[in-house]
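Colleague: Before I use a model like this one, I would like to learn how its helix packing and its ligand shell should be read. Could you take me through it step by step?

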Amino acid sequence: MARYALLSRRLLASRPRMHGTARTFATATAPDQQRPSSDYRVKLVEVGPRDGLQNEKNSIPLATKLDLIDRLAKTGLTTIEAGSFVSPKWVPQMENSSEILQHLLTKPPSSPHPLTFSFLAPNLKGLNNAFSVLSQHPTAFATESFPAQPTKPALEIAVFASATESFSQRNLNASIAASLAGFRQVIQAAKDTHSLRVRGYISVVLGCPFEGYDVSPHRVAEVATALLEMGADEIALGDTTGMGTAPRTKELLACLAAAGVRNEDVAMHFHDTYGQALVNTAVALEHGIRTFDCSVGGLGGCPYSPGATGNVATEDMVYFMETLGMDTGVDLDAVVDVGEWITREIGKGNASTVGKAVLGARRRAEADPAKEK
Ligand SMILES: CC(C)(COP(=O)([O-])OP(=O)([O-])OC[C@H]1O[C@@H](n2cnc3c(N)ncnc32)[C@H](O)[C@@H]1OP(=O)([O-])[O-])[C@@H](O)C(=O)NCCC(=O)NCCSC(=O)C[C@@](C)(O)CC(=O)[O-]
């Protein structure tokens, strides 16, 4: 069988590479002040095992979830959202998150890179469930004083606030103010007890299923600064509904910058319901953001956002970034394989346009290797 990788390698090699050439981003400097190569690095956060699977109705076996994480870890992705310590009454698919955490601590996936695994924990109950696993393996994970290594992953906890009161009530059963008061305790305990890194999500930043398009960017900025002041290390801006557009993404990021939120503390989390995720990604990239969430095979949806589809597919994100000359560190071929495998495994269509294109090209090359140029 022809090695599929060859085709994709050629595909990638034929893409325009922009390293060291003139760039059109607003953030670009003059040619004689070339930016350090780190400016071309983007961090992709793979959210498939959590955001991608949480809404699946059929129970997915633990072994499949562990296999998914293992396969993703071999693609060059270094940060993987692996589970969620939430109420199993509301999100039954995430019920085995303790077992997932336990497995990742005792048998971390082999990877040439240090890995970070992230878990949602909306309250002290969820955090304590995570802690009861961590306390059994206190030296199995990296902390701020012991950097992550290939054999010892780092862990991150994520809290999730909302930009509208209606979504906060539906998703968290609490007002924004009450949820923030609870998160203060979670963030403090995560840091004090195990020196964990904390991500603070804000949902519905560009459109709410209950309040519509008009979500105030100033409200988002208030919630973001509140989370940062509590000690969150990163703010993930969630376009939960995929209602975001390029001008409104630009306006939101300008508002956050005016409020003093630094680009390096922001991650973008775009759902692709209206097909705008990569357009909005380009706007955020131009603004200077370098951390983006994505989900293999475009898996996902939010149980509290009717009709929302998955996050932008990891395959599409990798292809998009690499064609812009950005460095993701992710092997497109490998991630296409994972997308194909997991969507078949759980009986879903592959929602990645790039994944389907690469798979189609492979099939054609297999049928007629002579034409593979
Ligand atoms: C919001 C809460 C925490 C409020 O929890 P609560 O205030 O305790 O109220 P409740 O009535 O929802 O609680 C129901 C039961 O769950 C228990 N419980 C309560 N907390 C936990 C916990 N952590 N772990 C395990 N059990 C828990 C609680 O003790 C109670 O048990 P019962 O008395 O019936 O026996 C709860 O309702 C919950 O966990 N809901 C699920 C929320 C959720 O997972 N949403 C989806 C993730 S967020 C998202 O997808 C958006 C994001 C991050 O991707 C970004 C974006 O795209 O926007």
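Predicted model: local features only at pLDDT ≥ 70, side-chain atom pairs only at ≥ 80, totals over all residues.

Colleague: Which hand does the crossing of α8 and α9 have, and which residues make the contact?

Modeller: The crossing in which α8 passes α9 is right-handed. On the side of α8 the contact is made by Pro-217, His-218, Val-220, Ala-221 and Ala-224, while α9 contributes Glu-251, Leu-252, Cys-255 and Leu-256. Sorted by class, the residues of this contact of α8 with α9 are seven nonpolar, one polar and one charged.

Colleague: At what angle do α9 and α10 pack?

Modeller: Helix α9 (residues 246–258) and helix α10 (residues 277–287) pack at about 30°, with 9 Å between their axes, and that makes α9 roughly parallel to α10. The crossing of α9 and α10 is right-handed. From α9 the contact draws on Ala-246, Thr-249, Lys-250 and Leu-253, and from α10 on Val-279, Asn-280, Val-283, Ala-284 and His-287; the residues of this contact of α9 with α10 comprise five nonpolar, three polar and one charged.

Colleague: How should I read the pair formed by α5 and α7, and at what angle do their axes cross?

Modeller: The axes of α5 and helix α7 (residues 176–194) come within 10 Å and cross at roughly 15°, and α5 and α7 are therefore roughly parallel to each other. The crossing of α5 and α7 is right-handed. Within the contact, Leu-124, Leu-127, Phe-131 and Leu-134 of α5 meet Gln-185, Val-186, Ala-189, Ala-190, Thr-193 and His-194 of α7, and by class the contact of α5 with α7 has seven nonpolar, three polar and no charged residues.

Colleague: Turning to the ligand, how many residues surround it, and which are the closest?

Modeller: The ligand is surrounded by 26 residues, of which the closest are Val-86, Ser-87, Gly-126, Ser-203 and Gly-238. In terms of secondary structure, α5 (124–134), α6 (165–172) and β5 (197–203) each supply at least two residues of the shell around the ligand, and α5 gives the most, with three residues. When the shell around the ligand is divided by class, twelve residues are nonpolar, eleven are polar and three are charged.

Colleague: And for the backbone, which phi value does Asn-173 have, and where is its place?

Modeller: Asn-173 has a positive phi of about 60°, although it is not a glycine, and its place is in the loop between α6 and α7. Asn-173 has 13 C-beta neighbours inside 10 Å, so Asn-173 counts as partly exposed.

Colleague: Where is Ser-195 placed, and is Ser-195 treated in terms of phi with a positive or a negative value?

Modeller: The place of Ser-195 is in the loop between α7 and β5, and Ser-195 has a positive phi of about 50° although it is not a glycine. With 15 other C-beta atoms within 10 Å, Ser-195 is partly exposed.

Key: Residues numbered from 1 in each chain as written. Near = placed C-beta within 6 Å. Helix = DSSP H or I, 4+ residues; strand = E, 2+ residues; numbered from the N terminus. Nonpolar A, V, L, I, M, F, W, Y, C, P; charged D, E, K, R; others polar. Axes fitted to C-alpha atoms, helices over the stretch in contact; angles between N-to-C directions. Parallel < 35°, antiparallel > 145°, perpendicular 65-115°, else oblique. Left-handed = near helix turned anticlockwise from the far one by under 90°. Contact = placed C-beta atoms within 7 Å. Buried ≥ 20, exposed ≤ 12 C-beta atoms within 10 Å, placed from the backbone.
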